[in-house]
Structure formats: C-alpha cells, structure tokens
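Please read it with the sequence and the coordinates open beside you.

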Amino acid sequence: MAPKTVSLKTDSDVVKNEGRNRISRDEGTLATGSGVLRPGRVLGRITASKKLVPLAPAASDGSQNADSILLENVDATAADQRVVVLARHAEVVIQSLEWPAGITETQKTAALAALEAKGVVARMGV
C-alpha cells in the first residue's frame with residue numbers, strides 16, 4: 001500500500017488580506033471529476049452549470065476564465081463537493097497559487113487580470 005500524501009497547506013498560506021467578516025469568501029460547488037485539489041488552486045466556473053472546476057485555459061465553456069481561488073483541501077474525484085473559495089476583495093500570495101499543467105505565461109497573466117477585476121490581487125509573499 002502506497003503511503004498517503006498529506007498536504008499541510010492551508011488557506012492562511014494563500015490569503016494575505018481579506019475583507020472583514022469574511023466578505024471575500026463564497027461557497028460553491030466543485031464539479032465531479034475535478035480531482036484532489038489543495039488551497040490556492042485557481043478555479044474557473046462552467047457557464048451552463050455554474051459549477052466550479054480547475055481553471056482550463058483551452059476550454060470554451062466558461063472554465064477558461066479565472067473565477068475564484070480554492071481555500072480548502074478537497075477530493076472531487078467521484079462526487080460534487082461544497083467548497084469555500086476566495087471570490088472578491090482580497091490579496092493572495094502569488095507563489096501559493098496553483099495552476100493547471102501547461103499553462104502559458106500569457107494565460108496566467110489573463111487569469112490574474114480576471115481575478116484582479118473581481119478585486120482579488122496577487123502579490124509576492126514574504
């Protein structure tokens with residue numbers, strides 16, 4: 001039996017600053033098939049279902065646009081999962097963000113711009 005990988009990364013590793021009374025956070029539904037994800041994963045939202053999925057820059061269903069940032073460990077391999085995301089009025093640690101494999105710098109820049117338009121600004125952590 002293979003050893004289980006434990007992620008000790010938490011939302012406090014991702015969030016530098018957020019609005020009072022957690023106004024920056026929302027709940028959402030992470031779609032089945034999204035896999036095992038950690039805090040800091042940049043998410044997109046499928047337009048038709050309104051469900052969140054990992055950002056998919058090559059898609060054309062809405063998930064190509066950065067929507068929010070995941071704030072918890074979750075396994076959505078086999079079922080939809082309710083999750084907490086950072087959606088507005090916040091600063092995040094850019095080094096803590098998790099991106100899809102193969103994302104280009106141009107796609108990453110576009111995703112960061114989309115998040116910034118929602119008030120989620122990525123800054124270098126110290």
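1. Just after helix α2, G119 takes a positive phi of about 90°. Helices and strands are named here from DSSP runs, numbered from the N terminus, a helix being H or I over at least four residues and a strand being E over at least two. The model is a predicted one, in which local features need pLDDT of at least 70 and side-chain atom pairs count only at pLDDT 80 or more, while totals for chains, interfaces and linings use all residues. Residues are numbered from 1 along each chain as its sequence is written, and side-chain values use heavy atoms, with hydrogens and water left out.

2. Helix α2 itself covers residues 105-117, and its 13 residues should span 18 Å at 1.5 Å a residue, which agrees with the 18 Å between its end C-alpha atoms. The expected span is taken as 1.5 Å times one less than the number of residues. A117 lies in this helix and counts as exposed, at 69% relative accessibility; the classes are buried for under 20% relative accessible area, exposed for over 50%, and partly exposed in between, with a 1.4 Å probe and protein chains only. A117 and R88 are 29 residues apart in sequence, yet their C-alpha atoms are 8.9 Å apart in space.

3. Two residues other than glycine deserve a look at their backbone angles. Most residues other than glycine have a negative phi. N21, in the loop between β1 and β2, has a positive phi of about 55° although it is not a glycine, and N21 is exposed, with a relative accessible area of 74%. K50, in the loop between β4 and β5, likewise has a positive phi, near 70°, and K50 counts as exposed at 52% relative accessibility.

4. In which order do the strands of the open, mixed sheet run? The sheet has 3 strands in the order β1-β9-β10, where two strands are said to pair if DSSP finds at least two bridges between them. Its edge strands are β1 (15-18) and β10 (120-123), each of which pairs on one side only. Neighbouring strands of this sheet are turned by 20° against each other on average, direction ignored; the axes are lines fitted to C-alpha atoms (for helices over the stretch in contact), and angles run from 0 to 180 degrees between N-to-C directions. Strand β9 (residues 90-93) pairs with β10 in the parallel sense over 4 bridges, and V92 stands opposite A122 in β10.

5. Strand β8 (residues 81-86) pairs with β2 in the antiparallel sense over 6 bridges, with R25 opposite L86 in β8. β6 and β8 also pair in the antiparallel sense, over 2 bridges, and L70 stands opposite V85 in β8.

6. The largest nonpolar core has 16 residues, and those with the most contacts inside it are V42, L55, I69, L86, V92, L97 and W99. Such a core is a set of buried Ala, Val, Leu, Ile, Met, Phe, Trp, Tyr and Cys residues joined through side-chain atoms within 4.5 Å. The elements that give two or more residues to this core are β6, β9 and α2. Leaving out residues up to four places away in sequence, L55 touches a set that includes V42, L43, W99, I103 and A111, contact meaning heavy atoms within 4.5 Å. Apart from this core lies another, of 9 residues, among them L30, L43, L70 and V85.

7. L43 is found in strand β4 (residues 42-45) and is buried, with a relative accessible area of 0%. Not counting residues up to four places away in sequence, L43 touches several residues, including L30, L52, D67, L70 and V85. The C-alpha atoms of L43 and A111, 68 residues apart along the chain, are separated by 9.6 Å.

8. Is D67 buried or exposed? D67, in strand β6 (residues 66-70), is buried, with a relative accessible area of 13%. Its side chain and that of R45 are joined by a polar contact of 3.2 Å; a polar contact is a pair of N or O atoms within 3.5 Å, of which, within protein, one must be able to donate a hydrogen and the other to accept it, and residues adjacent in sequence count only if both atoms are side-chain atoms. Leaving aside neighbours within four places in sequence, D67 is in contact with L43, G44, R45, L52, L115 and K118.
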